[in-house]
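I opened my notebook to look up a few things in one structure. Here it is first.

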Amino acid sequence: MSTRIGVVTFPGSLDDRDAARAVRLAGGEPVSLWHADTSLGDVDAVVLPGGFSYGDYLRAGAIARFAPIMESIIAGARDGLPVMGICNGFQVLCESHLLPGALTRNAHLHFRNRAQPMTVENTETAWTGDFQPGQRVVIPIKNIDGRFVADERTLDELEARGQVVFRYTGENPNGSMRDIAGVCNAAGNVVGMMPHPEHAVEELTGASVDGLGLFTSVLRKLVAA
């Protein structure tokens with residue numbers, strides 16, 4: 001029986017098909033989930049993809065947080081369901097308070113679209129077990145609301161608890177505090193990141209294939225569970 005990974009589509013999602021393709025390339029079975037659904041069915045994990053959910057009106061991710069399907073995702077995440085939010089999905093997870101902090105307008109106020117080097121800081125999450133600690137990876141970014149911010153106390157707690165999962169290296173592309181590119185919850189089953197691993201899964205189209213590791217990591221984790 002294959003491992004089923006749900007990929008949510010909100011009005012304005014852009015990368016849901018890319019995320020589903022990444023799941024398939026990693027060896028899983030992608031399952032389409034609609035924002036108005038109230039059930040996750042029998043999926044084993046969930047991906048919230050990038051895009052501009054509900055047009056990013058009000059604030060990026062702020063309306064998607066109240067989509068009917070989010071009630072099931074929030075409840076599932078709190079029970080240990082692996083959930084990954086990519087870019088806009090990261091914003092949704094912060095707005096849902098499944099992850100700490102917030103994503104604000106880039107410090108330079110410009111859209112950034114490029115291949116971005118990072119280091120993997122935490123390999124103990126459900127989505128990063130196939131990486132090595134400190135491994136350098138290159139994964140594309142494309143955002144204008146990608147600056148991770150939090151108060152100093154929260155940042156210190158994230159560092160102390162190992163909840164910083166990815167950190168930008170080289171030029172910080174958006175002014176994120178402490179160069180943070182991705183974080184996880186305390187349990188490690190919920191991960192959010194601004195770069196797009198689903199766009200780094202094939203040599204023909206990606207700057208690398210480093211993104212595939214996130215999808216193989218969760219599949220390996222679920223098989224071992």
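**Ground rules.** I am reading a predicted model, in which local features need pLDDT of at least 70 and side-chain atom pairs count only at pLDDT 80 or more, while totals for chains, interfaces and linings use all residues. Residues are numbered from 1 along each chain as its sequence is written, and side-chain values use heavy atoms, with hydrogens and water left out.

"Buried" means under 20% relative accessible area, "exposed" over 50%, and "partly exposed" in between (1.4 Å probe, protein chains only). In soluble globular proteins, nonpolar side chains tend to be buried together. I then checked contacts (heavy atoms within 4.5 Å). Beyond four places in sequence, Val47 touches residues including Ile5, Met84 and Phe215.

**Strand S11.** Helices (H or I, at least four residues) and strands (E, at least two) are DSSP runs, numbered from the N terminus. Which way do the residues of S11 point? Val190 and Gly192 point one way, Val191 and Met193 the other, and all are buried. Strands pair if DSSP finds at least two bridges between them. S11 pairs with S4 in the parallel sense over 4 bridges. Gly85 has Gly192 as its bridge partner there. S10 and S11 run antiparallel, joined by 3 bridges. Gly182 stands opposite Met193.

**Salt bridges.** I counted a side-chain nitrogen of Lys or Arg within 4 Å of a carboxyl oxygen of Asp or Glu. The structure holds 14 salt bridges. Asp156 and Arg178 meet at 2.7 Å, N to O. This pair links helix H4 to the loop between S9 and S10, 22 residues apart. Arg178 also meets Glu159, at 3.9 Å. Salt bridges that share partners join Glu121, Glu152, Asp156, Glu159, Arg167 and Arg178 into one network.

**Surface.** Which residues form a nonpolar patch? Leu14, Phe52 and Phe111 do, with about 290 Å² of accessible area together. Areas come from the Shrake-Rupley method with a 1.4 Å probe; for residues, only the protein chains shown count as cover. Patch residues have over 30% relative accessible area and no salt bridge; like charges are joined within 9 Å, nonpolar side chains (Val, Leu, Ile, Met, Phe, Trp, Tyr) within 5 Å. Leu14 is partly exposed, at 49%.
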